[in-house]
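Me: I would like to learn how to read salt bridges and strand pairing in a model. Please take me through one case.

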Amino acid sequence: MLVSQFQEARRFMGRLDAGQDLAAALLTICKDNGVRSGWIQAAALVRNAVVQAPRADGTGLRDAGVVPGVLVFPHMQGNVSLRRDAIDVRLYAAGFGADGEGTVTGLLRGGEVVSCEFFLVACDDVSLVRDGDDGDFAPWVQLQTAVEARPRPVMSVPLEGPMARPTPPPPHALMDEDESSELNILEMAVGDYVDHPRFGVCKIVHAPVDERVSIRLPTGKHVDLHLGVMRVHGAKQVGGRKIFQIEMKKRG
């Protein structure tokens, strides 16, 4: 059994454009928004759906096959997790042809969108990790916290004995405040936090681009910060959160 309670969640609602590949479009949305674990609900009309049906004996899935024509998927369900360090989107669906005939069930691997409206809940506290080698079903086998899920820096081991050299000072200590701030900006990632002098502790929802970062205020509103007029201090770990202290630069 594997169970986790989520506290941090983001919710998305939208539609896909006609002509897009349904599975690929949802995967792109997850990648662009840093969604590593979550749940998807959708209603869609799909042309030439690519479906993997389960084998009758329950031992796995059949090879993916294209179902010609347009099918309606009124109650599509799916989830988002990690497998082999990549985002894995699974869509479980039952599709119906004209007049309710020609039912297909299984994993929806693709197909051309005729119309699709979806609701996505991103669970940001932890990442669910699938078994990378366990065949078609590949169950969830691990929970990673938001901190554990990030790549960890490789630490150098100091030499021992008479040839040992003194440990050099941290790179930031050799830089002025502006250069140090720029490096700290590069370390920001979706899911981290900033401590703003006016707004307080806010979550980063879009990584910095051109010295602008999108944050979610405690009220739920999203705003963009122009980091070029701010000084970003090195992150601190507080209660499992990676928080960057920021302040306004003094005008010269």
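Me: Is E8 buried or exposed?

Reply: This is a predicted model, so every value here is computed from predicted coordinates. For burial, look at the relative accessible area; under 20% counts as buried. E8 has 17%, so E8 is buried.

Me: Which salt bridge does E8 form with R241, and what does the pair tie together?

Reply: Start with the N to O distance, then place each partner along the chain. The side chains of E8 and R241 meet at 3.2 Å, N to O. E8 sits in the segment before strand 1, while R241 belongs to strand 14 (residues 241–248), so the bridge ties together parts 233 residues apart in sequence. R241 is partly exposed, at 33% relative accessibility.

Me: What is the distance between the closest N and O atoms of R216 and E8?

Reply: The distance is 3.6 Å, and the two residues form a salt bridge. The cut-off is 4 Å, so this pair falls within the limit. R216 lies in strand 10 (residues 212–216) and E8 in the segment before strand 1 (9–16), so parts 208 residues apart in sequence are tied together. R216 counts as buried, with 15% relative accessibility.

Me: Where do R10 and D124 lie?

Reply: R10 is in strand 1, and D124 is in the loop between strand 5 (104–123) and strand 6 (126–130). These residues are 114 apart, and the pair links distant parts of the chain. They form a salt bridge whose closest N and O atoms are 2.7 Å apart. R10 is buried at 6% relative accessible area, and D124 counts as buried at 17%.

Me: How many salt bridges are found in the whole structure, and which residues are linked in a network?

Reply: A search of the whole structure finds nine. A network of salt bridges links E8, R10, D124, K203, R216 and R241.

Me: Turning to strand pairing, which strands pair with strand 14 in the antiparallel sense?

Reply: For each pair, read the direction, the number of bridges and the partner residues. Strand 12 (residues 230–232) pairs with strand 14 in the antiparallel sense over three bridges, and V232 has I246 as its partner in strand 14. Strands 13 and 14 form a hairpin with two residues between them, and G239 in the turn has a positive phi of about 55°.

Me: How does strand 8 run relative to strand 14, parallel or antiparallel?

Reply: Strand 8 (residues 193–196) runs parallel to strand 14, and three bridges join them. V194 has F244 as its bridge partner in strand 14.

Technical notes:
Residues are numbered from 1 along each chain as its sequence is written. This is a predicted model: local features need pLDDT of at least 70, side-chain atom pairs count only at pLDDT 80 or more; totals for chains, interfaces and linings use all residues. Side-chain values use heavy atoms; hydrogens and water are left out. Helices (H or I, at least four residues) and strands (E, at least two) are DSSP runs, numbered from the N terminus. Buried means under 20% relative accessible area, exposed over 50%, partly exposed in between (1.4 Å probe, protein chains only). Two strands pair if DSSP finds at least two bridges between them.
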